[in-house]
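Welcome! Take a moment to look over the structure below, and then we will visit a few of its residues together.

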Amino acid sequence: MKTIRQISLDLNRKHHRIVLAEGFKCVRSEFDLARRQIELWVEVPLRAGVPEVEYLVRIVESGQPVPMHFRYISTAFLPFESRAWHLYEVTEPGDAEQPVQLTTAA
């Protein structure tokens, strides 16, 4: 079995540390105008014994450089201001500056 979880990402933080079942898949992201944050929906397996893995996600505004080895996850648009933020998985721990713990929605 599998399910979809919603994760809220604060725009004021560059890095978010999330713990998900190995093999998760991003299915959608969007900008929440009321709370000025990014909502990320991920599909995760529910099988017993699937190990949980810590992922470090970085929020990058359009036009900002990212290292070549970062793995693209998704993009969230704010159409009223013609802005977008891109989510990348930080693939080398040394590339993060003091990441913060992420809170998840049910």
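A residue counts as buried when its relative accessible area is under 20%, as exposed when that value is over 50%, and as partly exposed in between. Please keep in mind that this is a predicted model.

With those cut-offs in hand, let us begin with Ser82. Its relative accessibility is 71%, and because that is over 50%, Ser82 counts as exposed. You will find Ser82 in the loop that runs between β6 (71-78) and β7 (83-89). Although Ser82 is not a glycine, its phi is positive, at about 50 degrees.

Arg36 also sits in a loop, this one between β3 (25-32) and β4 (37-45). Arg36 is not a glycine either, yet it has a positive phi of about 50 degrees.

What about Gln37: is it buried or exposed? Gln37 has a relative accessibility of 14%, which is under 20%, so it counts as buried. This residue belongs to strand β4. Leaving aside residues up to four places away in sequence, Gln37 touches Ser8, Leu9, Asp10 and Leu11, along with Glu30, Phe31 and Asp32. The side chain of Gln37 also makes a polar contact of 2.7 Å with the side chain of Glu39.

Here are the accessibility values side by side.

| Residue | Relative accessibility | Class |
|---|---|---|
| Ser82 | 71% | exposed |
| Gln37 | 14% | buried |

Definitions and conventions:
Residues numbered from 1 in each chain as written. Predicted model: local features only at pLDDT ≥ 70, side-chain atom pairs only at ≥ 80, totals over all residues. Heavy atoms only, no water. Helix = DSSP H or I, 4+ residues; strand = E, 2+ residues; numbered from the N terminus. Buried < 20%, exposed > 50% of the residue type's maximum accessible area, 1.4 Å probe, protein only. Polar contact = N/O pair within 3.5 Å; in protein donor to acceptor, adjacent residues only side chain to side chain. Contact = heavy atoms within 4.5 Å.
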